[in-house]
Amino acid sequence: MVQTEIAALAIAGLALVAYLALCAALYDRITKVPADSPMFSSPASPAAFSAGDADCGPYLMDLYEEVTFPDRTGSVGIAGWWIPVVRNPGAPAVIVVHGYTACRRDGWVLLGAGMLHRHGFAVLAIDLRNHGDSGRTGGRHTGGIRESADVLGAWDWLASVQHLAPDTVGLFGISLGAASVVIAAGDEPRVAAVWSDSGYGDIDDATRAELRRNHLPPVLLPGGLLVGRLLDGPGLRAKSPLAAMAKLHGRPVFITHGTADTRLDVRYADQLIEAGRAAGALVESWIVEGSDHAAAIVDHPAEYEARLVDFFGRTLRAR
């Protein structure tokens, strides 16, 4: 009897080890940021980039500066392009943040930056940790949790080096960048305004969807979250855009998402809008019929530009 119980415990222990090993491998697969992502070596710059079929000529930005600064925790170096408005040193500024496996060289990101810049906004386009030219910390993304400190490092740099007041600085993020800027705004109550394009809401919900997208069973979710806690400190449940929206009382937020998004379902936009309005945030939205993940900017560039510029024009103060 004792030997049978010992054998059963041994089998259960081996099964648990195998389960956790599988979860660790899958967690790494889902969150790994490939160091050799083609975009990281792209020659694109604010002065020369392309974005789908969009005419990028009006949006090119010839005068820009390579800058580096620490994230808010001081644990990793962040690379960026500072694109000032030379004719107006008092222009408001927007921090522009890319998505997963992309970087500031992403044509869609630069198109958004150019839309703002041509209408008189200064821009700081950054590389999140483990992306582009920024420092690497484990080589995985954390759904915007740690990346939010990169955004706030950029916000701190604008305050300390460019001497910008909080009410002159906004945040604009796409996909992973969208999650990062929303979480950053939740952590920093002085953030003036946020534009979120194609982000997610609840981390558990998004993780289940990512498992389905990779044809993996939901039974791996608890183990994956445990592995995340072991590998990435606070774990993936520590913060989320949905929780951050509850902290944005009285602040303007713009949520946009495509109805045909095959990466992050449009229902996440509904979650964020509902949570923000319930908490007293000043939420505006644009749900774009037929657009795939973060594609509205190239599907409807004129309308995107008009909405983007109008939003930050109303919510940021010029110095």
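**Basis.** This is a predicted model: local features need pLDDT of at least 70, side-chain atom pairs count only at pLDDT 80 or more, and totals for chains, interfaces and linings use all residues. Residues are numbered from 1 along each chain as its sequence is written, and side-chain values use heavy atoms, with hydrogens and water left out.

**Overall figures.** The protein has 10 helices and eight strands. Helices (H or I, at least four residues) and strands (E, at least two) are DSSP runs, numbered from the N terminus. Of its 319 residues, 55% count as buried. Buried means under 20% relative accessible area, exposed over 50%, and partly exposed in between, with a 1.4 Å probe and protein chains only. Contact means heavy atoms within 4.5 Å. Among contacts between residues at least 6 apart in sequence, 75% join residues at least 24 apart.

Strand 4 spans residues 122–126, and five of its five residues are buried. In a regular strand the side chains alternate between the two faces of the sheet. Here A122, L124 and I126 point one way, V123 and A125 point the other way, and all are buried. Two strands pair if DSSP finds at least two bridges between them. Strand 2 (residues 77–83) runs antiparallel to strand 4, with four bridges joining them. Strand 3 (residues 93–97) pairs with strand 4 in the parallel sense over five bridges. I126 is the bridge partner of G80. V97 also stands opposite I126.

**Aromatic rings.** Rings of Phe, Tyr and Trp (its six-membered ring) pair if their centres lie within 6.5 Å; planes under 30 degrees apart count as stacked, over 60 as edge-to-face and the rest as tilted. By this rule the count comes to 10 aromatic pairs. Two of them are tabulated here.

| Pair | Centre to centre | Angle between planes | Class |
|---|---|---|---|
| W195 and Y304 | 5.5 Å | 55° | tilted |
| F311 and F312 | 5.0 Å | 65° | edge-to-face |

What does the W195 and Y304 pair tie together? W195 lies in strand 6 (residues 193–197) and Y304 in helix 10 (residues 301–315), so the pair ties together parts that are 109 residues apart in sequence. Both W195 and Y304 are buried. F311 and F312 are buried too. Ring pairs link F172, W195, F254, W286, Y304, F311 and F312 into a cluster.

A charge sits over a ring if NZ of Lys or CZ of Arg is within 6 Å of the ring centre and within 35 degrees of the ring normal. R104 lies over the face of W81, at 4.4 Å from the ring centre.

**Cysteines.** How many disulfides does the structure hold? It holds zero, a disulfide being a pair of cysteine sulfur atoms within 2.5 Å. C56 is buried at 6% relative accessible area. C103 is buried at 0%.

**S175.** Where is S175 found? S175 is in the loop between strand 5 (169–174) and helix 4 (176–187). Is S175 buried or exposed? At 12% relative accessibility, S175 counts as buried. Leaving aside neighbours within four places in sequence, S175 is in contact with G99, D197, S198, G199, L264 and H293.
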